[in-house]
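I begin with the helices.

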Amino acid sequence: MQRFIAVVSGDSMWPTYADGERLVCSEDVSTVGADSVIVFQHPLRSNVRAIKRIKEIDDLTAFVEGDNPDPLASEDSHNFGRIPLSNLIGVVLHVESKQ
Amino acid sequence: MTTENILPEIEASAHCDGPCGVYDPASARVAGEAVQSMTKKMLALEYPKVFSSESMASYLNTMSRYAAIKDEEAQKCKHELLVLWTDFFKPQHLEAHPELHTTFWQAAKLCSACKVEVSATHAQELMDAIEAIHTMFWAIKGREVPWIRAS
(Lines give C-alpha, C1' and ligand atoms only; values in the text may rest on other atoms or scores of the structure.)
Protein backbone atom coordinates (compact mmCIF):
# COMPACT_ATOMS: atom_id res chain seq x y z
CA MET A 1 0.00 0.00 0.00
CA GLN A 2 1.10 3.54 -0.78
CA ARG A 3 2.38 5.82 1.95
CA PHE A 4 2.09 9.61 2.01
CA ILE A 5 2.87 12.60 4.19
CA ALA A 6 0.03 14.53 5.84
CA VAL A 7 1.00 18.03 6.95
CA VAL A 8 -1.16 19.09 9.89
CA SER A 9 -2.82 22.48 9.44
CA GLY A 10 -4.42 23.75 12.64
CA ASP A 11 -4.52 22.91 16.33
CA SER A 12 -7.44 20.49 16.66
CA MET A 13 -5.10 17.51 17.19
CA TRP A 14 -3.02 19.30 19.86
CA PRO A 15 -1.36 18.09 22.08
CA THR A 16 -0.82 14.88 20.06
CA TYR A 17 0.10 16.64 16.83
CA ALA A 18 0.94 20.31 16.44
CA ASP A 19 0.21 22.71 13.61
CA GLY A 20 2.72 22.11 10.81
CA GLU A 21 3.76 18.64 11.98
CA ARG A 22 4.49 16.12 9.20
CA LEU A 23 2.96 12.68 9.62
CA VAL A 24 3.71 9.50 7.71
CA CYS A 25 0.44 7.80 6.74
CA SER A 26 -0.61 4.60 5.04
CA GLU A 27 -3.43 4.20 2.54
CA ASP A 28 -4.11 0.79 4.07
CA VAL A 29 -7.11 1.50 6.29
CA SER A 30 -8.20 -2.11 6.68
CA THR A 31 -7.11 -2.29 10.30
CA VAL A 32 -8.31 1.09 11.60
CA GLY A 33 -10.36 1.01 14.77
CA ALA A 34 -11.27 3.12 17.75
CA ASP A 35 -8.35 5.41 18.68
CA SER A 36 -6.78 5.35 15.19
CA VAL A 37 -5.86 8.80 13.85
CA ILE A 38 -7.09 9.04 10.29
CA VAL A 39 -6.95 11.34 7.29
CA PHE A 40 -10.28 11.53 5.50
CA GLN A 41 -12.30 13.43 2.97
CA HIS A 42 -14.37 16.11 4.74
CA PRO A 43 -18.02 15.05 4.38
CA LEU A 44 -19.31 18.57 3.66
CA ARG A 45 -16.40 20.22 1.82
CA SER A 46 -15.05 18.36 -1.17
CA ASN A 47 -11.78 20.32 -1.28
CA VAL A 48 -10.81 19.59 2.35
CA ARG A 49 -8.99 16.58 3.74
CA ALA A 50 -9.09 16.46 7.51
CA ILE A 51 -7.31 14.64 10.31
CA LYS A 52 -9.06 13.38 13.45
CA ARG A 53 -9.14 10.45 15.86
CA ILE A 54 -11.76 7.70 15.60
CA LYS A 55 -13.76 7.53 18.81
CA GLU A 56 -16.26 4.91 17.69
CA ILE A 57 -16.60 2.86 14.51
CA ASP A 58 -19.08 0.43 12.95
CA ASP A 59 -19.20 -1.40 9.63
CA LEU A 60 -20.08 1.68 7.60
CA THR A 61 -19.31 4.85 9.56
CA ALA A 62 -17.04 6.36 12.18
CA PHE A 63 -17.43 9.07 14.80
CA VAL A 64 -14.29 11.21 14.68
CA GLU A 65 -13.05 13.83 17.12
CA GLY A 66 -10.09 16.16 17.61
CA ASP A 67 -7.66 15.61 20.48
CA ASN A 68 -7.71 19.24 21.64
CA PRO A 69 -9.61 19.38 24.94
CA ASP A 70 -11.21 22.71 23.95
CA PRO A 71 -14.64 21.92 22.44
CA LEU A 72 -14.25 24.92 20.11
CA ALA A 73 -10.88 23.81 18.77
CA SER A 74 -12.08 21.05 16.46
CA GLU A 75 -14.57 20.68 13.66
CA ASP A 76 -15.45 17.00 13.81
CA SER A 77 -18.35 14.55 14.13
CA HIS A 78 -19.85 16.77 16.82
CA ASN A 79 -20.44 19.25 13.95
CA PHE A 80 -20.74 17.24 10.75
CA GLY A 81 -21.86 13.87 12.12
CA ARG A 82 -20.43 10.43 11.49
CA ILE A 83 -18.34 10.00 8.38
CA PRO A 84 -18.69 7.14 5.89
CA LEU A 85 -15.72 4.78 5.97
CA SER A 86 -15.52 5.29 2.21
CA ASN A 87 -14.21 8.80 3.00
CA LEU A 88 -11.05 7.41 4.62
CA ILE A 89 -7.84 8.33 2.81
CA GLY A 90 -5.25 6.98 5.21
CA VAL A 91 -4.21 6.22 8.75
CA VAL A 92 -1.39 7.95 10.62
CA LEU A 93 1.58 5.70 11.31
CA HIS A 94 4.08 8.04 12.94
CA VAL A 95 5.64 11.49 12.89
CA GLU A 96 8.10 11.90 10.05
CA SER A 97 11.63 11.37 11.27
CA LYS A 98 13.83 14.47 11.13
CA GLN A 99 16.98 14.04 9.04
CA MET B 1 17.83 10.65 2.10
CA THR B 2 15.10 8.33 3.40
CA THR B 3 12.09 7.02 1.51
CA GLU B 4 9.98 9.45 3.55
CA ASN B 5 11.62 12.33 1.72
CA ILE B 6 10.00 11.31 -1.55
CA LEU B 7 6.50 10.49 -0.35
CA PRO B 8 3.58 12.46 -1.83
CA GLU B 9 2.34 15.23 0.48
CA ILE B 10 -1.15 16.48 1.32
CA GLU B 11 -2.53 19.03 3.76
CA ALA B 12 -4.62 17.57 6.59
CA SER B 13 -6.99 20.16 7.99
CA ALA B 14 -7.08 20.32 11.77
CA HIS B 15 -8.97 23.56 12.13
CA CYS B 16 -11.73 24.62 14.47
CA ASP B 17 -15.38 25.08 13.58
CA GLY B 18 -15.28 28.87 13.36
CA PRO B 19 -13.23 30.45 10.60
CA CYS B 20 -9.77 31.24 11.91
CA GLY B 21 -8.63 34.84 11.91
CA VAL B 22 -11.91 36.66 12.54
CA TYR B 23 -10.95 37.73 16.05
CA ASP B 24 -9.26 41.03 16.88
CA PRO B 25 -8.85 42.68 20.30
CA ALA B 26 -9.35 46.04 18.56
CA SER B 27 -13.10 45.80 19.27
CA ALA B 28 -12.42 45.61 23.02
CA ARG B 29 -9.86 48.42 22.74
CA VAL B 30 -12.32 50.80 21.05
CA ALA B 31 -15.00 50.08 23.68
CA GLY B 32 -12.42 50.47 26.46
CA GLU B 33 -11.34 53.83 25.08
CA ALA B 34 -14.96 54.99 25.07
CA VAL B 35 -15.27 53.98 28.73
CA GLN B 36 -12.16 55.94 29.61
CA SER B 37 -13.27 58.93 27.57
CA MET B 38 -16.72 59.04 29.22
CA THR B 39 -15.14 58.64 32.65
CA LYS B 40 -12.88 61.63 32.03
CA LYS B 41 -15.80 63.70 30.73
CA MET B 42 -17.90 62.88 33.80
CA LEU B 43 -15.09 63.85 36.16
CA ALA B 44 -14.46 67.09 34.23
CA LEU B 45 -18.08 68.19 33.90
CA GLU B 46 -18.65 71.25 36.08
CA TYR B 47 -21.72 71.80 38.16
CA PRO B 48 -23.79 74.77 36.81
CA LYS B 49 -22.74 78.06 38.41
CA VAL B 50 -26.15 79.57 37.73
CA PHE B 51 -28.83 77.37 39.23
CA SER B 52 -31.98 77.20 37.13
CA SER B 53 -34.30 74.58 35.75
CA GLU B 54 -32.73 74.98 32.35
CA SER B 55 -29.10 74.77 33.55
CA MET B 56 -29.88 71.76 35.76
CA ALA B 57 -31.69 70.02 32.91
CA SER B 58 -28.69 70.54 30.65
CA TYR B 59 -26.27 69.38 33.33
CA LEU B 60 -28.26 66.27 34.20
CA ASN B 61 -28.90 65.45 30.56
CA THR B 62 -25.19 65.67 29.71
CA MET B 63 -24.09 63.74 32.79
CA SER B 64 -26.69 61.01 32.26
CA ARG B 65 -25.70 60.64 28.61
CA TYR B 66 -22.04 60.22 29.62
CA ALA B 67 -23.05 57.65 32.22
CA ALA B 68 -25.27 55.76 29.79
CA ILE B 69 -22.52 55.57 27.15
CA LYS B 70 -19.93 54.56 29.76
CA ASP B 71 -22.19 51.76 30.98
CA GLU B 72 -23.04 50.55 27.48
CA GLU B 73 -19.43 50.59 26.26
CA ALA B 74 -18.17 48.84 29.40
CA GLN B 75 -20.69 46.05 28.80
CA LYS B 76 -19.66 45.88 25.14
CA CYS B 77 -15.99 45.75 26.15
CA LYS B 78 -16.71 42.91 28.57
CA HIS B 79 -18.55 40.99 25.87
CA GLU B 80 -15.70 41.41 23.38
CA LEU B 81 -13.16 40.27 25.98
CA LEU B 82 -15.22 37.21 26.95
CA VAL B 83 -15.55 36.17 23.30
CA LEU B 84 -11.78 36.43 22.85
CA TRP B 85 -11.12 34.58 26.11
CA THR B 86 -13.51 31.68 25.54
CA ASP B 87 -13.47 31.34 21.75
CA PHE B 88 -10.09 32.44 20.40
CA PHE B 89 -7.69 31.40 23.14
CA LYS B 90 -7.16 27.65 23.42
CA PRO B 91 -5.49 25.39 26.01
CA GLN B 92 -2.25 25.24 23.99
CA HIS B 93 -1.86 29.02 24.37
CA LEU B 94 -1.51 28.68 28.14
CA GLU B 95 1.95 27.17 27.72
CA ALA B 96 3.41 30.41 26.41
CA HIS B 97 1.04 32.69 28.36
CA PRO B 98 0.36 31.22 31.81
CA GLU B 99 -1.00 34.60 32.94
CA LEU B 100 -3.79 34.46 30.34
CA HIS B 101 -6.71 33.52 32.60
CA THR B 102 -5.78 35.99 35.33
CA THR B 103 -5.39 38.80 32.81
CA PHE B 104 -8.83 38.19 31.30
CA TRP B 105 -10.49 37.73 34.69
CA GLN B 106 -9.11 41.02 35.92
CA ALA B 107 -9.99 42.80 32.67
CA ALA B 108 -13.60 41.58 32.87
CA LYS B 109 -13.82 42.69 36.49
CA LEU B 110 -12.45 46.10 35.55
CA CYS B 111 -15.25 46.44 32.98
CA SER B 112 -17.75 45.92 35.78
CA ALA B 113 -15.87 48.31 38.08
CA CYS B 114 -15.95 50.99 35.38
CA LYS B 115 -19.72 50.55 35.12
CA VAL B 116 -20.46 51.02 38.80
CA GLU B 117 -17.82 53.71 39.47
CA VAL B 118 -16.52 56.90 37.92
CA SER B 119 -12.89 55.95 38.36
CA ALA B 120 -10.08 57.27 36.18
CA THR B 121 -7.76 54.77 37.85
CA HIS B 122 -9.86 51.75 36.95
CA ALA B 123 -10.47 53.07 33.43
CA GLN B 124 -6.70 53.26 32.91
CA GLU B 125 -6.20 49.82 34.44
CA LEU B 126 -8.79 48.48 32.00
CA MET B 127 -6.85 49.95 29.08
CA ASP B 128 -3.62 48.46 30.46
CA ALA B 129 -5.29 45.03 30.66
CA ILE B 130 -6.60 45.31 27.09
CA GLU B 131 -3.09 46.24 25.93
CA ALA B 132 -1.71 43.11 27.64
CA ILE B 133 -4.36 41.03 25.86
CA HIS B 134 -3.50 42.74 22.56
CA THR B 135 0.16 41.77 23.08
CA MET B 136 -0.70 38.13 23.88
CA PHE B 137 -3.12 37.87 20.96
CA TRP B 138 -0.72 39.10 18.30
CA ALA B 139 2.19 37.10 19.73
CA ILE B 140 0.07 33.96 19.26
CA LYS B 141 -0.81 35.05 15.71
CA GLY B 142 2.92 35.54 15.04
CA ARG B 143 2.53 39.13 13.94
CA GLU B 144 3.94 42.40 15.23
CA VAL B 145 0.98 44.76 15.55
CA PRO B 146 1.65 48.00 17.43
CA TRP B 147 -0.69 49.15 20.21
CA ILE B 148 -2.33 52.25 18.76
CA ARG B 149 -5.14 54.18 20.41
CA ALA B 150 -7.83 56.07 18.54
CA SER B 151 -8.03 58.76 21.21
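I looked up how H2(B) passes H4(B) and found a left-handed crossing (the near helix is turned anticlockwise from the far one by less than a right angle). The model is predicted, with pLDDT of at least 70 needed for local features and 80 or more for side-chain atom pairs, while totals for chains, interfaces and linings use all residues. Residues are numbered from 1 along each chain as written, chains are lettered from A and ligands numbered from 1 in the order written, and side-chain values use heavy atoms, without hydrogens and water.

I noted that the axes of H2(B) and H4(B), residues 100-116, come within 8 Å and cross at roughly 165 degrees. H2(B) is therefore roughly antiparallel to H4(B) (angles over 145 degrees). The residues of this contact divide into 13 nonpolar, three polar and four charged; contact means heavy atoms within 4.5 Å.

I then turned to H2(B), residues 53-88, and H5(B), residues 120-141, which pack at about 30 degrees with axes 12 Å apart. These two helices are therefore roughly parallel (angles under 35 degrees). Their contact includes B:Cys77 and B:Leu81 of H2(B) and B:Ile130 and B:Phe137 of H5(B).

Finally, I examined the chains. The contact takes 21 residues from chain B and 33 from chain A. The area buried between them is about 2300 Å² (accessible area, 1.4 Å probe, lost on being put together and summed over both parts). I found one salt bridge between the chains (a side-chain nitrogen of Lys or Arg within 4 Å of a carboxyl oxygen of Asp or Glu). The side chains of B:Glu9 and A:Arg22 meet in a salt bridge at 2.9 Å, N to O.

Methods
Axes fitted to C-alpha atoms, helices over the stretch in contact; angles between N-to-C directions. Helix = DSSP H or I, 4+ residues; strand = E, 2+ residues; numbered from the N terminus. Parallel < 35°, antiparallel > 145°, perpendicular 65-115°, else oblique. Buried area = accessible area lost by both parts, 1.4 Å probe. Nonpolar A, V, L, I, M, F, W, Y, C, P; charged D, E, K, R; others polar.
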